[in-house]
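Subject: Structure handover

Hello,

Here is the structure I said I would pass on. Please open it first, then read the notes below beside it.

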Amino acid sequence: MDATSAINKLRQGQKPEFPSNADTLDFAQSLDNSNEDILKTFRKEFLVPTKAQVGRKTLADDEKTAASASGPEDESIYFCGNSLGLQPKAVGEHLNAYLKTWGSIAVGGHFTKFEDSPLTPYQDLANLCSERMCDIVGAKASEIVAMNTLTINLHLMLAAFYKPTDKKHKIMCEWRPFPSDWYVIESQIEWHGRDPKTSMLTVAPDEGYIMTTANIMRIIDENVDELALILLPGIQYYTGQLLDIPTITAHARKHNITIGWDLAHAAGNVELKLHDWDVDFACWCTYKYMNSGAGAVAAAFVHEKHGDNGRNVGLKGWYGHDKSSRFLMDNNFKPTPGAQGFQVSNPSIVDLTCLAGSLSVFSKTKMADLRSKSLLLTAYAEHLLAEIASRNTKDGEAPIKIISPSDPRFRGAQLSVLLQEDLMEDVSAALEKNSVICDKRKPGIIRVAPAPLYNTFSDVCRFMQIFEQALKPKSDAQP
């Protein structure tokens with residue numbers, strides 16, 4: 001199979017043709033072993049849990065858990081990067097450097113750079129992370145800041161950008177956002193003494209589970225006189241739909257409406273061009289596709305047109321003060337130009353160290369290449385799922401349905417698979433028994449998300465074989 005040709009088709013919204021043996025491990029391995037640079041894997045940069053490790057009950061190693069995998073058959077199948085990415089080996093190396101720095105020179109680590117350390121002085125570590133995220137989100141380093149966690153950053157952005165008036169007070173959001181987004185919008189509206197029932201404008205799907213761009217723009221047009229701000233997800237967490245960020249942003253900007261994006265499921269997953277798209281602000285976590293560890297430091301983007309933080313910053317803090325005079329302690333706030341002026345607190349150096357380690361892997365590739373491989377990985381998964389649905393259809397009813405967009409341009413790595421109601425328990429048990437780790441979201445959804453940095457076509461093939469067997473009635477299942 002010509003991977004480059006297939007990817008070009010996917011980038012145009014077309015489906016590639018897979019050969020008749022696409023459901024075999026031999027075919028999957030032929031893609032994994034391809035010499036095409038576009039399919040390059042960084043799996044060796046990550047710690048992939050073995051089947052024995054997945055089932056461990058203690059941190060103490062025994063013969064099984066201490067042994068490294070002799071091959072892919074010993075490794076678990078990990079399709080949960082949309083919830084928590086695997087650990088890059090570089091994170092441990094960066095943490096060891098931090099601990100040695102702290103143990104050697106203590107407070108001097110804020111200002112001292114060791115020649116052989118992968119880390120900058122603590123004072124500059126957030127800047128390093130910003131620089132390494134430029135390609136990932138399509139922005140200038142001065143427009144990016146690593147700080148806090150996602151929900152806190154959303155609050156900070158709304159504190160700065162949501163300025164309701166008696167006429168313009170509505171915030172537009174999706175119909176079923178991740179709870180943190182809903183709570184942020186709800187509480188920010190209440191903070192201004194308003195009723196969320198009248199100030200929250202929700203966008204519901206108009207085609208099954210999908211929110212169409214045309215409908216979103218229509219709702220903006222109909223509410224233009226009352227809309228104060230728009231906050232939408234780059235990728236909707238339940239369906240995996242990638243919204244048309246540039247088109248929707250341009251429509252909002254045409255009406256002079258502030259627009260921000262929650263990129264929790266988009267950053268590190270799809271190509272983004274936040275600066276060129278003229279996005280006002282965006283926030284994202286870094287522990288999903290960016291692999292920096294559970295609950296790790298988040299990040300935010302603020303377009304350079306809002307760089308005059310003396311006017312625009314919502315809440316001031318010591319670390320938003322320009323570094324050149326931060327230690328004068330004169331209480332005369334001089335904001336750092338750009339996104340870093342929105343900082344409030346001294347960032348956790350441990351968190352920044354983990355993020356810097358993870359981002360060092362991204363520095364070995366480009367988001368355009370990762371997206372290309374991801375398009376083919378997900379299309380391969382979609383093709384096999386469609387065959388499974390066809391083979392197991394009874395009385396005209398398939399046991400599964402993909403509710404993610406069929407057009408590859410409008411989804412990321414994730415395929416959301418809706419199961420018949422009575423199948424979820426048995427399927428979940430079978431996946432767990434076979435050391436398959438993927439995400440489940442009620443009602444009835446299994447989210448299959450092959451991450452291009454470390455997942456392989458063989459992972460996809462093995463998963464599908466286990467998944468199809470789990471769909472069969474127990475009387476038909478192999479022992």
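T151 is found in helix 8, which covers residues 150-161. Please bear in mind that this is a predicted model.

Next, the overall layout. The chain is divided into two parts: domain 1 takes 3-75 + 367-471, and domain 2 takes 97-363. Their C-alpha centres lie 30 Å apart. Where they touch, 28 residues of domain 1 and 23 residues of domain 2 take part in the contact.

How much area is buried between domain 1 and domain 2? The figure is about 2100 Å², and carbon and sulfur atoms give 60% of that area. On the side of domain 1, M367, I403 and F410 supply 30% of the area buried against domain 2, more than any other three residues.

The interface also has polar links. Nine residue pairs are in polar contact across the interface of domain 1 and domain 2, both residues of each pair being at pLDDT 80 or more. Three elements each supply at least two residues of the side of domain 1 that touches domain 2: helix 15 (367-391), strand 12 (415-419) and strand 14 (445-448). Helix 15 gives the largest share of that side, five residues. Sorted by class, the side of domain 1 that touches domain 2 has 15 nonpolar, five polar and eight charged residues.

As for salt bridges, the rule finds one across the interface of domain 1 and domain 2. A salt bridge you can look up is the one between E271 and R11, whose closest N and O atoms are 2.9 Å apart.

The structure as a whole holds 21 salt bridges. Among them is the one between K323 and D124, with the closest N and O atoms 2.5 Å apart.

Regards

Definitions and conventions: Residues are numbered from 1 along each chain as its sequence is written. This is a predicted model: local features need pLDDT of at least 70, side-chain atom pairs count only at pLDDT 80 or more; totals for chains, interfaces and linings use all residues. Side-chain values use heavy atoms; hydrogens and water are left out. Domain bounds come from an automatic or database domain assignment. Contact means heavy atoms within 4.5 Å. Buried area is the accessible area (1.4 Å probe) that two parts lose on being put together, summed over both. A salt bridge is a side-chain nitrogen of Lys or Arg within 4 Å of a carboxyl oxygen of Asp or Glu. A polar contact is a pair of N or O atoms within 3.5 Å; within protein, one must be able to donate a hydrogen and the other to accept it, and residues adjacent in sequence count only if both atoms are side-chain atoms. Helices (H or I, at least four residues) and strands (E, at least two) are DSSP runs, numbered from the N terminus. Ala, Val, Leu, Ile, Met, Phe, Trp, Tyr, Cys and Pro count as nonpolar, Asp, Glu, Lys and Arg as charged, and the others, Gly among them, as polar.
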